[in-house]
Amino acid sequence: MGSRRTGGGVAAVGVIGAVIVAGLGAGLLALLTSVFGKGSECGAAASPAAGIVLAAPNTGTGQLVGATEYGGPGDPSSGVIGSSGADLLEQPDSYAELGGDTFQTATAMGGLPYLTPLRITWGARSAIAYKRDIGLGGSSIDGLPRVLDLWWQLAGRLGIPYEDGLWSGPVRIQRPPDTGAGSLLDQTAEATPALVAPSTADQDPATCAPAALAGVPITTTDRAQLLPNGLAAAPAAAPLAVREIIAAGNQIVGKPYVYGGGHGLALSDVAPAYDCSSAVEHLLYGGGLLPLTYDAPSGTLESFGQPGAGRWVTLYASADHVFMYVAGLRWDTHNAAGPGDGSTGIGWHPLIRSDAGFAARHPVGL
Amino acid sequence: MTRLCLVLLIGALVCAGCGGHAARPAPSPVARADDTHEYPSAPPAPQTATHVTSTATEAIRAFVTAYINWDAQTVSDDMRTLAARSVGQARAAMMLAAAQTTGDYELQRGGISNSGTVEAVAPLVGHDREYVVVTRESTRATNTTAYQGLQPAWHVALATVAEQRAGEWVVSDWQPEN
């Protein structure tokens with residue numbers, strides 16, 4: 001039974017895993033860094049909390065958590081039957097929820113029901129896995145709370161090297177969207193649980209952002225500065241994610257506005273034209289705040305992140321339009337504030353415009 | 001004599017007042033709505049479903065099969081058809097779904113489709129004409145990876161039926177639970 005192995009061996013796994021990580025040193029660290037961008041920085045920024053609060057389905061970029069691997073030929077003591085009664089060899093897309101010192105406290109993700117699907121991403125690979133087991137918790141992994149154990153075949157599908165059930169490292173987890181006609185048509189009796197964002201200490205997007213784009217101008221002022229060439233200079237003191245958002249904006253300044261433009265592409269692409277939502281999403285992706293394949297209209301962004309204005313970034317979204325302020329500088333697709341508001345195209349605008357009718361949202365931690 | 005005149009005069013005034021009041025036009029519907037907080041109108045015509053079946057479970061199976069099998073291109077029309085084939089809250093819910101899916105950007109752009117089978121229809125104990133419906137459904141998408149890898153899932157809904165005429169059953173209430 002996987003949970004038995006997980007419980008009995010979890011402390012040893014933690015210690016041995018730490019030793020392995022330390023022993024492999026720069027090589028493994030480099031691997032993790034290449035896979036997760038600034039994974040080690042994320043780890044340093046995250047709190048070693050015992051568990052996490054899962055975000056609502058299909059929102060945000062998911063959450064970085066600590067994971068271990070179990071089962072397989074090098075770990076025969078784990079057995080093959082999960083605590084749910086499932087034969088894990090027959091259903092290899094399985095994970096165990098961990099936590100605490102007893103099986104009753106294996107609730108590091110809130111005590112998910114069996115068969116709860118999670119999209120688990122390691123590096124460039126991701127897979128849907130289902131909870132079919134539980135196990136005991138343990139020390140944090142790279143500063144991230146240890147919340148789940150990956151069945152070894154699942155880990156293999158993700159490209160995680162098999163280390164006789166001793167691998168540990170960060171993975172990104174996200175609840176997939178709800179399925180079924182009732183959910184898709186918004187007719188289910190019980191709405192999806194409200195998004196409860198993890199604390200900024202657990203997940204600071206500024207420290208989890210992709211690598212900064214080269215060449216972004218920097219200013220020593222507190223606010224972003226609009227330069228004569230239409231680009232924006234980022235405050236030197238701004239979090240990395242903010243500088244990356246500005247850099248991503250500078251990539252597409254001056255692109256023509258076309259309704260529907262920029263949609264249907266990976267957010268890393270530079271499209272020939274953008275509309276309001278695709279332009280904003282390009283910037284948010286640049287800051288590591290949206291996944292590569294995110295693609296939604298402006299109305300969807302009404303539920304982005306958390307409500308209200310942010311310290312550095314504030315989106316104003318409605319069903320018809322979305323714009324944002326980044327370090328005090330407005331990103332918009334037209335000169336809504338009238339004469340003197342810069343170009344009529346996509347880009348940075350020097351004037352503040354009315355936000356009546358828009359929902360103010362901001363990324364967690366920004 | 002003076003008193004008699006006074007009484008007659010008052011009587012005449014009262015009668016004139018009554019007559020004058022009776023001659024005033026009836027209040028407009030808006031004025032009546034101000035008083036009653038309900039705009040007066042004729043009661044709605046009874047709803048008639050365009051498609052009926054001879055048993056309650058057949059009505060539910062037909063309704064649910066159509067409800068869970070659609071793609072982004074057909075869903076609005078499918079829901080509109082279901083609205084015509086149902087009555088009451090079920091019809092209202094289907095009309096709402098038809099309207100919402102017509103402009104559902106994510107549904108269209110994602111190329112989302114749903115398919116499934118009706119696995120069970122069972123009477124809800126203690127509730128006349130109410131049934132529990134179990135389906136097994138898969139959601140797919142052609143233009144997004146969000147649903148990739150998700151297995152078919154079980155879903156439960158409550159359905160209520162009505163007898164339109166003797167032996168003519170239709171779905172009158174539909175409430176998906178998950």
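How much accessible surface does chain A have, and what share of that surface belongs to carbon and sulfur atoms? In this predicted model, the accessible surface of chain A amounts to about 14,200 Å², and 58% of that area belongs to carbon and sulfur atoms. The chain is built with eight helices and 15 strands, and of its 366 residues, 51% are buried. When the contacts in chain A with a separation of 6 or more are considered, 66% of them are accounted for by residues 24 or more positions apart.

Within chain A, the pairing of helix H7 (residues 240-252) with helix H8 (residues 276-286) was examined in detail. The two helices pack at an angle of about 140°, and their axes lie 7 Å apart. Because angles over 145 degrees would be needed for a roughly antiparallel arrangement, H7(A) and H8(A) are classed as oblique to each other, and their crossing is right-handed. On the side of H7(A), the contact is formed by A:Glu244, A:Ile245, A:Ala248, A:Gly249, A:Gln251 and A:Ile252, which meet A:Ala279, A:His282, A:Leu283 and A:Gly286 of H8(A). By class, the residues of this contact comprise five nonpolar, four polar and one charged.

Helix H8(A) is mostly covered, with ten of its eleven residues buried. The buried residues are A:Cys276, A:Ser277, A:Ser278, A:Ala279, A:Val280, A:Glu281, A:His282, A:Leu283, A:Leu284 and A:Gly286. Among them, A:Ala279, A:His282, A:Leu283 and A:Gly286 also take part in the contact with H7(A). The packing partners of the buried residues of H8(A) include H7 of chain A, and they extend to four strands of that chain, namely E11 (313-317), E12 (322-326), E13 (329-332) and E14 (347-349). After H8(A) comes A:Gly288, a residue whose phi is positive, near 75°.

The loop between strand E2 (94-97) and strand E3 (117-122) of chain A holds A:Leu115, a residue other than glycine in which phi takes a positive value, near 75°. A:Thr116 lies in the loop between E2 and E3 of chain A as well, and this threonine counts as buried because its relative accessibility is 12%, which is under the 20% cut-off. With residues up to four places away in sequence left out of the count, A:Thr116 touches A:Tyr95, A:Ala129, A:Tyr130 and A:Lys131.

Another loop of chain A, between strand E4 (125-134) and strand E5 (146-151), contains A:Ser139. A:Ser139 has a relative accessible area of 47% and is therefore partly exposed. Although A:Ser139 and A:Gly99 are separated by 40 residues in sequence, their C-alpha atoms are 9.9 Å apart in space.

The contact of H4(B) with H5(B) divides by class into nine nonpolar, three polar and two charged residues.

Two further positions in chain B were characterised individually. B:Arg129 is located in the loop between strand E2 (112-123) and strand E3 (130-141) of chain B, and phi of this arginine is near 70°, a positive value in a residue other than glycine. With a relative accessibility of 33%, B:Arg129 counts as partly exposed. B:Ser172, by contrast, is found in strand E5 (residues 168-176) of chain B and is buried, its relative accessible area being 16%. Once neighbours within four places in sequence are set aside, B:Ser172 is in contact with B:Val87, B:Gly88, B:Gln89 and B:Ala90, and also with B:Thr160, B:Val161 and B:Ala162.

Note on methods. Residues numbered from 1 in each chain as written. Chains lettered and ligands numbered in written order. Predicted model: local features only at pLDDT ≥ 70, side-chain atom pairs only at ≥ 80, totals over all residues. Heavy atoms only, no water. Axes fitted to C-alpha atoms, helices over the stretch in contact; angles between N-to-C directions. Parallel < 35°, antiparallel > 145°, perpendicular 65-115°, else oblique. Left-handed = near helix turned anticlockwise from the far one by under 90°. Contact = heavy atoms within 4.5 Å. Nonpolar A, V, L, I, M, F, W, Y, C, P; charged D, E, K, R; others polar. Buried < 20%, exposed > 50% of the residue type's maximum accessible area, 1.4 Å probe, protein only. Areas by Shrake-Rupley, 256 points an atom, 1.4 Å probe, with all protein chains shown as cover.
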